[in-house]
Amino acid sequence: MNTPAFVVDAWIQHPTGPFLRDPLFATLRRWMGVEADALPDVIPDAFTLGALEAASVSVALVSAWWGPAGPMLDNDHVAAFVGRYPDRLASVASVDLARPMDAVRELRRAVRSLGMRALRILPWLWGLPPNDRRYYPLYAECIELDVPFCLQVGHAGPLRPSEPGRPIPYLDEVACEFPELRIVGGHIGYPWTTEMIALATKYPNVYIDTSAYKASRYPPELVSFMRGHGRHKVLFGSNWPMLSPVNCLDNLDSLGLDDEARAAFLGENARRVFKLGG
């Protein structure tokens with residue numbers, strides 16, 4: 001597999017044992033073939049760095065997690081990990097959606113003091129679609145801080161309702177009301193991928209990332225979009241440790257991307273959206 005010199009993985013986690021053992025992820029552990037009681041509390045840095053190296057990933061965006069019960073991978077934990085490898089990693093913040101002003105202050109701290117590059121909130125985790133009023137102060141702050149807003153689109157892997165991840169009408173309303181906001185919808189939007197493609201076509205600042213899917217499982221309509229007018233709208237992602245970057249990139253050649261589309265997908269689109277160096 002030939003890859004460009006600059007490859008960005010737009011969505012990974014560097015987990016902890018307690019994070020991976022959360023009952024929320026029982027279905028994901030089953031898919032991965034991992035027993036909860038076999039997981040150590042501390043996951044070595046090499047676990048994640050080795051996975052990135054195996055796929056020749058230049059930069060990975062490491063996500064924090066915050067849910068209704070509190071921080072699951074807190075911003076300081078993620079920033080400390082990223083800070084040990086600043087040439088290889090960048091960090092993505094998460095905040096308490098239930099307390100909008102505290103969330104705005106935490107986002108401001110995460111970006112200005114911790115150097116985090118974006119905000120990610122998972123609608124299925126909160127049971128709230130992205131057009132809920134509690135997100136709106138955060139959209140305004142993302143614009144002021146000039147960072148993207150990232151979210152999951154499509155069905156929920158864990159046993160939670162998937163409706164908050166449907167792109168239309170929820171994310172459509174957000175993109176219409178906040179045209180300056182850079183939005184990255186992760187997990188391709190399946191089974192509503194055509195809706196996500198429609199939004200990425202309609203709105204200049206809406207993008208798709210392919211995290212949680214191997215290249216061999218991209219829907220045909222997404223591949224066609226990547227080859228054509230959507231070549232500057234799709235970002236590579238793995239969702240490590242659920243899937244490894246190298247497995248996600250397997251069969252990439254079968255997509256039939258030309259050199260420009262391939263380079264854009266694997267790194268250049270993310271470089272532009274997240275304002276990365278390299």
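**Ground rules.** I worked from a predicted model in which local features need pLDDT of at least 70 and side-chain atom pairs count only at pLDDT 80 or more, while totals for chains, interfaces and linings use all residues. Residues are numbered from 1 along each chain as its sequence is written, and side-chain values use heavy atoms, with hydrogens and water left out.

**Entry on cavities.** Rolling a probe the size of a water molecule over the atoms shows where empty space is left. I took a cavity to be a set of points, on a 1 Å grid over the protein atoms alone, where a 1.4 Å probe fits but cannot get out, with lining residues having an atom within 4 Å of a point. A volume here is the space filled by probe spheres set on the points, which are joined across faces, edges and corners. I found two cavities of 30 Å³ or more.

The largest cavity holds about 50 Å³ of space, and its lining includes Trp11, Trp65, Trp66, Arg120 and Trp126. I noted that β3 (65-67), β6 (118-121) and α6 (123-126) each supply at least two residues of that lining; helices (H or I, at least four residues) and strands (E, at least two) are DSSP runs numbered from the N terminus. I sorted the lining of the largest cavity into eight nonpolar, two polar and one charged, where Ala, Val, Leu, Ile, Met, Phe, Trp, Tyr, Cys and Pro count as nonpolar, Asp, Glu, Lys and Arg as charged, and the others, Gly among them, as polar.

The second largest cavity holds about 30 Å³, and among the residues lining it are Phe178, Tyr203 and Asn205.

**Entry on pockets.** A pocket is an open set of grid points with protein on both sides within 12 Å along at least five of seven lines. The largest pocket has a volume of about 630 Å³, and of the 33 residues that line it, the closest to its centre are Leu28, Trp31, Ala212, Asn239 and Met242. Helix α2 gives the most to this lining, with four residues.

For the second largest pocket I wrote down about 160 Å³ of space, and of its 14 lining residues the closest to the centre are Pro86, Leu89, Ala90, Arg117 and Leu276.

**Entry on helix α12.** Helix α12 (residues 259-274) has 16 residues and reaches 22 Å from its first C-alpha to its last, close to the 22 Å expected at 1.5 Å a residue, the expected span being 1.5 Å times one less than the number of residues. I also noted a kink of about 60° centred on Phe265, the bend being the angle between axes fitted to the seven residues ending there and the seven starting there. Just after α12, Lys275 takes a positive phi of about 55°.

**Entry on the backbone.** A cis peptide bond joins Ile168 and Pro169, with omega about 15°, and Pro169 is found in helix α8 (residues 167-177). The bond from Tyr190 to Pro191 is also cis, with omega near 5°.

Asp146, although not a glycine, has a positive phi of about 60°, and Asp146 is partly exposed at a relative accessible area of 36% (buried means under 20%, exposed over 50%, partly exposed in between, with a 1.4 Å probe and protein chains only). Ala212 has a positive phi near 80°, and at 9% relative accessibility Ala212 counts as buried.
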